[in-house]
Amino acid sequence: MTSASPWKAWLYLVWLCLQRQARAHQLVWIALGLLALTTAVVGLNTLGGRWTMNHWRFPRGGGGTQLAVWVEGMGPLPGSAPALALQTALKGAARSILFQAGLSIFSNWVVFSVFLSFLLPIWSLSFATDAIGGEREARTLVWLLHQPLPRPGIYLAKYIAVLFYSLAFNLGGFALICLVGGRAGRPAFSLYWPGVVCATLAFSALFHLMGACFRRAAVVALVYSFFLETVLANMPGYMKRVSIGFYTRCMMFDEAQKFGIQPEKPYIYLPVGSLTAEWVLIGITALSLGIGMMVFSRSEYHDLN
Amino acid sequence: MEVSLLRYRPWRGKLHSPHKSVWTIARISLMMMFHRKIFWVMYSLGLFIFLMYFFGQYLLDWAETTTAETTISVGFIRTEPARFIEVLRNVLKFNGQPEMYRNFFWWQGSMVMIVLALAGSILVGNDFHFGSLPFYLSKPLGRWHYLGGKCLAVAVFVNLMTTIPAVILFLQVGFLKSWEYAVEGGYSLGSWTIAGEEWHLRLPNPLFFGILGYGLVLTVCLSLLLVATAGWLKRTVPMVMVWTTVFFFVRLLTAALVDGLQYHPRWRLFDMWNNTNLLGSALLQVNPYGPRPDWQPSVAEAAIVLGAVSVLCLTYLSHRIRAVEIVR
Amino acid sequence: MPDILESSDPRRGNRALIQAHDVAQTGKNDAIDAAHSVATLPSSLASRPAPATLLFDQVSKWYGPVIGLNEVSLELCPGITGLVGANGSGKTTLMRLAAGHLRPDLGNVRVLGHDSWTHAAKRYIGYCPDTDTFYEEMSGRQFVETMARLHGFSRLESRRRTETCLEMAGMAGRADRCIRGYSKGMRQRIKMAQALIHDPELIILDEPMSGIDPVGRQEFIQLFTQLARRGKCLLVSSHELQELEKLTDQIAVMARGRIAAVGTLAQIRDLLDNHPLSILVATDNPRSLAGALLHLPDVVGVELGEGENLIVRARNPRGFFRALTQLVLEESCEIRHLETLDDSAQAILGYLLGTRQA
């Protein structure tokens, strides 16, 4: 008799989960639509040269940046070496103001606001909660639970498939957004991509756990992402250290510190170091996965059929 | 035994008009939600903001009353604590002024959206996804009765989290300050002298009607938008994605465009929650062009956008609600 | 019919043999109380040639305050066992426990020695659930092949098994369409095919005939019979009692979360002392025969039916028929028709559940 291989079965399950996630057409198209919209908005702003302070309304913009542009574009002055050195220093300072202005604006309004507050959680949430939650809703989970595969293995296979798509959208989408962000966006990618990866791992694992625990996991994940994370982020003191978003921002602030990008009120925000934040996020990932495997292997799903 | 011998009494009642089915559908939908624990968990989270306002007002009043007779030293100046409390009350907008209600409605946005996402998925999405719609439409009622029932149910959830808590806050201010607050500025319907005493009859404070008006704007716009979204997408996760896109993503994007990149304020018209806030502020007679958030479109433009979106949703729903799916 | 059953054990017998152990006596319902006495089979039938494929050992299952299964003990060996009972009697709970989708709150459920909840047991279980949802975007062939791949078979082996099982289920020529467009009967056949894909020892079939046309039902009955003959243990739940009678005479009757009776239909019928067997006798001289029958000790009642019919109510059917044969010869009666009216599964079920009066 031809023997069945558990490893082949598990690997095929991973492949099947990848296929099935891709076939959730509506979900994928909406995610792509969000990416396309964000990329288009960022791209149009790049083409319009909006990543500077030149167009800012009086009294914020105007004089200071115009001066920096003029200084930066100035030709070499006749004169002695010390004067030239001084001019070079002034031009460097002006260039760095203009450069950092773009990076600062891009970071604050695209990365920290639009991407971190919405796109990253929603892309992670969509794929992670649909992995098990979608099967329960469609009543097809019975076909997986009936296979001779250990339940933790099924859970892990689903997570791997989720991670593929979450990373593809989060990291890939972030790369695309930064690429079309031009001069302001490209350094942002090299600074922030580790934070994006760690946050994706942690959010995906947490939302995957919610999918195993709750029938309407998407809604529970929404409460976490758009209520708890928002409320905790605005709390003074150490309460905010319960949220994944806090550690992600700490990683990003730590990298961007040398460019003067930091929390609005650091003495209230009390950020942690990048390494600490990274380990915490990895720890959250591992813990969520472990608990999820345990929960999934012990749960009786009464809505199988 | 023949049925005719069983002496059943025929039903002699009167058949109600199909319009009454609107409340029946709404009642069933409400029960479906009220039976779920997750709804109550989310509703209690949604009451956080309300409780903060409620107890905040009470705390400030209690502090003011307790420290009424005392004075404190600030540097070399002796002053009454009541003045600081008054300043705090005005800064935080815990003062019963229209801004307080406007801020309350604004901050309730997140949880209202999340509760409505759940409601949309359960009440409407399931009907389309699992095919319960033919059961409704096979009865002697039309698609508008079905739509009315679902919108009424959504309206209850919206008002449970916004209008009703705002009215409670309004009453609380009246109890804490004086009952004059409740009728201040209200139109006088007349006065009479009874047993030597003069009695005036006045309509409530226009602020009260402003609160109800704001609630009505939210009810109409959100219910139509939710039913249309749930009817289009049916399944929970895609519905949640689109719903959050409309209310969270667009808000962040328009804030980035207008506040961050200094675009024209008209770009905020894409933000539905902001549009309802503008219209609601006008009904509350608050200046909508206050310091935060900056640079707003006009109230008329916001109203036009809301109206257009509502009409679009109605048009879509009139085609979507049918007993038999047309497969192309 | 193609043979994929490579692991058939020649030591297994052809007949299913069921032994029910202790069933606690509770409840005031006469039908169930009467049936408790049938739960233990005579010792001559207790010996069995093969170890139990499915074993329920004092299993109880609660859904909150509601008890779904109440101290059920059951052993199934190779063969076909029908599972009957009213709605809400616990049939689906029992099947889900056997399939390893639920865990018992008390007791344990074993499949060939493995706890049914573990993934090791799933290798021996083929499950045909009553659910009607699939991966709708797949074709029937793709779906069955996917199930085979998930068992760990190679691609070639999966394809071979898929073709064999589709042919057994009668779907070989129609399996390339999307499942979304399938009728109920076609879906049922696909479920059957995927349940057989890994050649399991225990096959659990929840309403397998639902939606199948009469010709298809015959095919399924033949298939089940062949599987049983090859040493498989089939547990079939159905409301179609006449079809179940054609399939097997071994049934387990469930009521209110308990096994009310287990055994062959005849054995269960014999033990229903409170409900004498009703027999229709058509004769040329009914009154004379009626008078003679009343003298027989096993006869408890005779009723004159329409025309030349008599309805005789008798205990101890074997003894009665022997005595009837003797009487007919002595009296020289002409018996035109002889029929037992209530030894069908439906009648027995009715007596056991109290929904039928003698």
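Reader: In the open sheet of four strands with the order β12-β13-β11-β14 (chain C), what is the pairing?
Author: This is a predicted model. Its chain C has an open sheet of four strands in the order β12-β13-β11-β14. From one strand to the next the twist averages 20°. The pairing in this sheet is antiparallel.

Reader: Which strands stand at the edges of that sheet, and why is one side of each left without a neighbour?
Author: A strand at the edge has a single partner strand, so one side of it is left without a neighbour in the sheet. The strands in this position are β12 (299-304) and β14 (335-340) of chain C.

Reader: Which residue stands opposite Leu277(C) in β13(C)?
Author: Strand β11 (residues 277-283) of chain C and strand β13 (residues 309-314) of chain C run antiparallel and are joined by six bridges. Within this pair, the residue opposite Leu277(C) is Ala314(C).

Reader: What are the edge strands of the open sheet of six strands in chain C?
Author: This sheet has mixed pairing and the order β6-β7-β8-β3-β9-β10 (chain C). An edge strand pairs on one side only. Neighbouring strands are turned by 15° against each other on average, direction ignored. The edge strands are β6 (125-128) and β10 (258-264) of chain C.

Reader: Do β3 and β9 of chain C run parallel or antiparallel?
Author: Leu83(C) stands opposite Ala252(C) in β9(C). Four bridges join strand β3 (residues 79-85) to strand β9 (residues 250-255) of chain C, and the direction is parallel.

Reader: What angle does helix α2 of chain C make with β7(C)?
Author: Helix α2 (residues 91-99) of chain C packs on the six-strand sheet. There α2 touches β3, β6, β7 (202-206), β8 (233-237) and β9 of chain C. Its direction and that of β7(C) make about 150°.

Reader: Helix α7 of chain C runs at what angle to β8(C)?
Author: Helix α7 (residues 214-229) of chain C lies across β3, β7 and β8 of chain C. Relative to β8(C), the helix runs at about 145°.

Reader: How many residues has the largest nonpolar core?
Author: In soluble globular proteins, nonpolar side chains tend to be buried together. Here, the residues with the most contacts inside the largest core are Ile114(B), Ala193(C) and Ile204(C). The largest share of this core, 21 residues, comes from helix α4 (residues 81-138) of chain A. The number of residues in the core is 246.

Reader: How many residues are in the second, separate core?
Author: The second core includes Leu277(C), Ile279(C), Leu289(C) and Leu293(C). Its residues number 11.

Reader: Which residues does Ile204(C) touch, not counting residues up to four places away in sequence?
Author: Ile204(C) is listed with those having the most contacts inside the largest nonpolar core. Its contacts are Met95(C), Ala98(C), Ala99(C), Ile125(C), Tyr127(C), Cys128(C) and Leu235(C).

Reader: Why is helix α4 of chain C largely enclosed, and what do its buried residues pack against?
Author: Of the 11 residues of helix α4 (residues 140-150) of chain C, 10 are buried, so the helix is largely enclosed by the rest of the structure. Phe143(C), Val144(C) and Leu150(C) are among the buried residues. These buried residues of α4(C) pack against α1 and α5 of chain A together with α5 (155-169) and α6 (184-196) of chain C.

Reader: Which residue with a positive phi follows α4(C)?
Author: Its phi is near 100°. The residue is Gly152(C).

Reader: Which helix gives the largest share of the side of chain A that touches chain C?
Author: The contact takes 25 residues from chain A and 27 residues from chain C. On the chain A side, α1 (6-22) and α5 (141-145) each supply at least two residues. That side divides into 15 nonpolar, six polar and four charged residues. The largest share, six residues, comes from α1(A).

Reader: Why does strand β4 of chain B lie largely in the open, and which strand is joined to β4(B) by six bridges?
Author: Of the six residues of β4 (residues 197-202) of chain B, the number buried is zero, so the strand lies largely in the open. In the hairpin, Ala195(B) takes a positive phi near 50°. The antiparallel strand joined to β4(B) by six bridges is β3 (residues 188-194) of chain B.

Notes: Residues are numbered from 1 along each chain as its sequence is written. Chains are lettered from A and ligands numbered from 1 in the order in which they are written. This is a predicted model: local features need pLDDT of at least 70, side-chain atom pairs count only at pLDDT 80 or more; totals for chains, interfaces and linings use all residues. A nonpolar core is a set of buried Ala, Val, Leu, Ile, Met, Phe, Trp, Tyr and Cys residues joined through C-beta atoms within 7 Å. A residue is buried if 20 or more other C-beta atoms lie within 10 Å of its own, exposed if 12 or fewer, and partly exposed in between; C-beta atoms are placed from the backbone. Two residues are in contact if their C-beta atoms, placed from the backbone, lie within 7 Å. Ala, Val, Leu, Ile, Met, Phe, Trp, Tyr, Cys and Pro count as nonpolar, Asp, Glu, Lys and Arg as charged, and the others, Gly among them, as polar. Two strands pair if DSSP finds at least two bridges between them. Axes are lines fitted to C-alpha atoms, for helices over the stretch in contact, and angles run from 0 to 180 degrees between N-to-C directions.
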